[in-house]
Amino acid sequence: MVTAVRHLGPNWYASVMGTAIVATAGAGLPLHLPGLRTACTTVWALSLALLLTLLAARTLHWTHHRDQARAHLQDPATAPFYGCLAMALLAVGGGALVVGQDWIGLRAAVVLDAVLFGAGTVVGLVAAVAVPYLMAVRHHVHPSEATPVWLLPVVAPMVSAALGPLLVPHLPPGQPRETLLLACFAMFGLSLLATLLMLPLVFARLVTGGPLPLALTPTLFLVLGPLGQSTTAVGKFADFAPGVVPAAYAQGFSLLAVLYGVPVMGFALLWFALATAHVVRARRRGMGFAMTWWAFTFPVGTCVTGAESLARHTGLAVYDGLAVVLYGVLVVAWVTAAAQTARGLVSGELLAGPRPVPVALRPVTARTTSGAGR
């Protein structure tokens with residue numbers, strides 16, 4: 001077991017995020033299918049089990065393979081995935097209040113969410129500062145190396161912003177509730193502005209540098225994360241603001257939910273189409289399964305919750321329909337990624353170390369007395 005986790009990187013937390021969002025997004029659908037909520041609760045329980053398993057495995061990794069763990073931090077392609085740890089904690093914690101309380105009870109769900117929200121928020125804020133710092137002073141990255149993975153650490157506070165309001169009603173009335181809600185709004189701004197700094201680098205790299213390598217092509221879907229999650233966040237602010245902040249602020253949040261959410265969701269659909277076109281191209285050129293396929297899950301799930309929020313605040317049936325369609329995409333993506341991951345774990349391929357790059361030998365030219373070959 002200790003040897004098996006040597007190459008277990010922080011990117012594996014994406015599987016927890018992708019599983020948890022299937023549960024929380026499904027619970028908000030405008031559908032009343034028999035057994036849907038029970039299925040969502042079951043998936044949430046699976047995400048909790050996955051989180052506990054990965055936390056234990058990653059603890060072994062840091063304990064017995066500290067050299068490899070440090071190497072991950074020094075690797076500009078791996079370090080941004082530390083944002084996934086924060087988002088995994090937050091996603092499972094939020095799911096506890098959305099569906100998990102059906103099985104563990106409201107009190108246990110509040111305690112679990114409070115613990116995971118606190119830990120996830122701290123980790124996310126640290127990652128939002130530490131990873132860009134490492135990129136600047138240690139990684140020495142070039143703009144031509146920009147990928148959507150760079151967004152991961154700065155998106156983590158946006159997940160806190162979207163899920164923190166769920167805890168507001170469980171705090172004492174007055175300043176505790178208002179403080180948490182406005183703290184979530186501050187993290188919304190922090191993450192949004194940081195994303196607006198990073199996203200142009202990613203888009204410029206894509207347009208001027210050509211398509212991403214095949215294995216990284218699914219990461220284009222990561223751009224949907226801050227778009228869908230920010231739309232979800234402003235909707236949550238509007239849901240929980242009445243009675244918590246002054247009436248004028250609550251009305252402002254209601255306006256923001258629509259005036260911000262509608263155009264951002266429009267851009268999310270544009271990016272969804274662009275990313276899909278790139279993935280289709282990559283599949284035609286032989287793109288095989290990699291852990292990057294989990295990028296098809298959580299970011300799409302945030303667009304589902306964003307569409308659900310817009311349906312509540314606009315009353316438009318088109319957003320209900322959009323949420324259902326995107327949720328169908330999410331479930332197909334999750335089943336595919338989960339099945340391929342299980343297959344890779346059984347075969348041992350996903351936990352194997354990187355394959356050595358073959359070294360090409362220089363051709364040797366024989367010297368002859370006749371001068372041939374000179």
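A residue is called buried when its relative accessible area is under 20%, exposed when that area is over 50%, and partly exposed in between. Please keep in mind along the way that this is a predicted model.

Begin by selecting leucine 274, which is found in helix H10, residues 261–284. Its relative accessible area is 31%, so leucine 274 counts as partly exposed. If you display its surroundings, leaving out residues up to four places away in sequence, you will find that leucine 274 touches Phe203 and Leu206.

Next, select serine 191, which is located in helix H7, residues 175–209. Is serine 191 buried or exposed? With a relative accessible area of 0%, serine 191 is buried. Apart from neighbours within four places in sequence, its contacts are Val154, Val155, Pro157 and Met158.

Now turn to the largest pocket, whose volume is about 1400 Å³. Of the 50 residues that line this pocket, Asn11, Phe81, Ala290, Met291 and Thr292 are the closest to its centre. Helices that give two or more residues to the lining include H1 (13–27), H6 (152–163) and H8 (224–240). By type, the lining residues comprise 30 nonpolar, 15 polar and five charged.

Finish by selecting H8, which has 17 residues and reaches 24 Å from its first C-alpha to its last. Because 16 of the 17 residues of H8 are buried, this helix is largely enclosed by the rest of the structure.

Technical notes:
Residues are numbered from 1 along each chain as its sequence is written. This is a predicted model: local features need pLDDT of at least 70, side-chain atom pairs count only at pLDDT 80 or more; totals for chains, interfaces and linings use all residues. Side-chain values use heavy atoms; hydrogens and water are left out. On a 1 Å grid over the protein atoms alone, a cavity is a set of points where a 1.4 Å probe fits but cannot get out, and a pocket is an open set with protein on both sides within 12 Å along at least five of seven lines; lining residues have an atom within 4 Å of a point. Grid points are joined across faces, edges and corners, and a volume is the space filled by probe spheres set on the points. Helices (H or I, at least four residues) and strands (E, at least two) are DSSP runs, numbered from the N terminus. Ala, Val, Leu, Ile, Met, Phe, Trp, Tyr, Cys and Pro count as nonpolar, Asp, Glu, Lys and Arg as charged, and the others, Gly among them, as polar. The expected span of a helix is 1.5 Å times one less than its number of residues. Buried means under 20% relative accessible area, exposed over 50%, partly exposed in between (1.4 Å probe, protein chains only). Contact means heavy atoms within 4.5 Å.
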